[in-house]
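Good morning, colleagues. Please look at the structure on the screen while I take you through several of its features.

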Amino acid sequence: MPELNAGAGQPPPTALSLRLLGPMAIEHGGRPLPLPPSRKVRALIAYLALAPRAIARQHLCELLWDLPNDPRGELRWCLSKMRALLDEPGLPRVLAEGEQIRLDLRGCSVDALDVLAAAQAGIATLDGAQARTLTQAFGGDFLEGLEIERSAPFSAWLLGQRRRLRAAHAALLERLAHELPPAADERIGCLDRWLQLAPFDRRAHELLFDTLARRGRLREGDEHLASAARLFEAEGQDWGALGLAWRAAKSRQATPAAPTDAAPAIVPAATSPAAPPAVGPEPAPRRASLAVMPFADASRGPGVRGGLGDALAYDVITRLAKLRSVFVIAQGTVFALDERHVGPEEAGRTLNVDYVASGTLQRSPGRATVSVQLSETRSARIVWADTIGARNDDTFAVLDEIGNRIVASIAGQIELAERNRAILKPPGSLDAWEAHHRGLWHMYRFNRDDNLQARHCFEAALKLDPTFSRPYAGLSFTHFENASSAGPTAPRRSKRRIAAPRRACWSTNTTRPRTGRWAARCGCAAGSTNRWPNSAPRST
């Protein structure tokens, strides 16, 4: 559709503001406008404001009206009320082009869109002031009090948007809590609001325990632990980790601080640009963690277990667990949360995982279509989303075709997201998993300087965790690249350097033999130093 042309003679857009986080409000130039009494007019404004593209009239009729006598007539009446409220002289905002309806929001402020844009760009990139500003935009739940009876499609959309924005709100509160100093009163209030949104988020409880212990408010910490334990027990969850976190927080405050002239725990990096990441206290080995929620099957009744959706989720969980590069939550746990109607975002924080995969299944005669998305739990950011279809002639063929594509996409996107996250972190704060992925980023750039930096990253990962086999394969590949770029003058020394980490890759961790085969596929065998592969190596 053609956009409105802001040409000469047309007045500039004025300050129109839509407030959707909490009870709906519309302001024009700072002056509140009276809202129409019709709930469907207000719902239509909110739906079109958040729509990424123009919406068909037929879709809007099915969204808001339950078999009315004249749905298109009622839609035209709602659009006329919207124009009277939103349109300005020379600047119509409610645009109808044939069968398509959209809102022109140029120059407008929409709080929900600001929050969703920040979540998609990465909440971790926000500073304290930006996180505080976005957090203050929440005056309650999304479109609070705007439920419409007998409009099931709108109710489903409203529930999905509320879950999405609650997850973004929790991520903003988490970011703000980390930015605020421990002595600030605002931090405890921020943590309280975070726990109201995600009462089973262990990170929120741990941060509150640490804040209370730092301020010497031990009695409040004991009371919070008792209250949280009752809450976890009522939901059948283990609260033992909270007790350990509270005891550790008190122990840290009881331990006298180390003298300032003590030797630093972290070895300073060299001044060379190829210096390895500084190695600090040895952290626990980690992998990216993932929860795959059951796929909602629209062809089955609510609360009915079984069917193709559950079988697909089980198949995806089983295949991802075999990859060993991702820690996958077991099927029984995620299915139990789904039976209690826990959404994907809340489930991710309850299970304390890095990523959550969820989706819906639609079946039509002869075809099955799955809409799936992968979200990052802490930032509420959608990492990847796709719609995958296959012929529904054979159930097992559908599981193979769709399951293979979902597993391959999720595994690749998690590797990419982990690599990008490792690049943004300070080198001295990397654990073995992150140092390995930072090394992969440098290795795939295929130049001498980055190859040297990748070797240092892999060596740092092995210092942190000598049993981690994947850095051995990366280290072997960096030696192979050095040998191939050095020319025919020094192949014998390079062969020895290639073979040593390759042997260690097989000997240190026999439960991961695929890493050794990965190194062999990359051409990292001792006899392959005189040739260069035509393509980048495949990742396990």
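This is a predicted model: local features need pLDDT of at least 70, side-chain atom pairs count only at pLDDT 80 or more; totals for chains, interfaces and linings use all residues.

The chain contains 19 helices and 13 strands. Its length is 540 residues, and 46% of them are buried. If we take the contacts between residues at least 6 apart in sequence, 62% join residues at least 24 apart.

Let us now consider the second largest pocket. Its volume is about 910 Å³. The lining of this pocket comprises 26 residues, and those closest to the centre are A124, E376, R378, S379 and R421. Which elements supply at least two residues each to the lining? They are α4 (111–121), α6 (152–179), β13 (381–391) and α14 (395–424). Of these, α14 gives the most, with 6 residues.

I turn next to the aromatic rings. A pair of aromatic rings is described by two quantities, the distance of the centres and the angle of the planes. In this model the count comes to 9 aromatic pairs. One of them joins F446 and F477: the ring centres are 6.3 Å apart and the planes stand at 75°, which is over the 60 degrees required, so the pair is edge-to-face. This pair links distant parts of the chain, 31 residues apart. F446 lies in the loop between α15 (432–443) and α16 (448–464), whereas F477 belongs to helix α17, residues 470–485. The two partners also have their own surroundings to consider. F446 has a relative accessible area of 33% and is therefore partly exposed, since that value falls between the limits of 20% and 50%. F477, at 1% relative accessibility, counts as buried.

F477 has a further ring partner in F480; this pair is tilted, with 5.9 Å from centre to centre and 55° between the planes. Both residues lie in helix α17, 3 residues apart, about one turn of the helix. In general, an α-helix has 3.6 residues a turn, so residues three or four places apart point the same way. Like F477, F480 is buried. Elsewhere, ring pairs link Y47, F142, F154 and W157 into a cluster.

The next feature is helix α2, residues 57–64. Which residues of this helix are buried? They are R57, L60, C61, L63 and L64. Viewed down the axis of α2, these buried residues fall within an arc of 160°, and they therefore line one face of the helix. What do the buried residues of α2 pack against? Their partners are α1 (39–50), β4 (55–56), α3 (71–86), β5 (94–97), β6 (100–103) and α6.

Finally, I draw your attention to V342, in the loop between α12 (331–339) and α13 (344–351). Is this residue buried or exposed? With a relative accessible area of 13%, which is under the 20% limit, V342 is buried. Beyond residues up to four places away in sequence, V342 touches M293, L337 and A347. M293 is 49 residues from V342 along the chain, and their C-alpha atoms are separated by 9.8 Å.

Thank you for your attention.

Methods: Residues are numbered from 1 along each chain as its sequence is written. Side-chain values use heavy atoms; hydrogens and water are left out. On a 1 Å grid over the protein atoms alone, a cavity is a set of points where a 1.4 Å probe fits but cannot get out, and a pocket is an open set with protein on both sides within 12 Å along at least five of seven lines; lining residues have an atom within 4 Å of a point. Grid points are joined across faces, edges and corners, and a volume is the space filled by probe spheres set on the points. Helices (H or I, at least four residues) and strands (E, at least two) are DSSP runs, numbered from the N terminus. Rings of Phe, Tyr and Trp (its six-membered ring) pair if their centres lie within 6.5 Å; planes under 30 degrees apart count as stacked, over 60 as edge-to-face and the rest as tilted. Buried means under 20% relative accessible area, exposed over 50%, partly exposed in between (1.4 Å probe, protein chains only). The arc is that of the directions from the helix axis to the C-beta atoms. Contact means heavy atoms within 4.5 Å.
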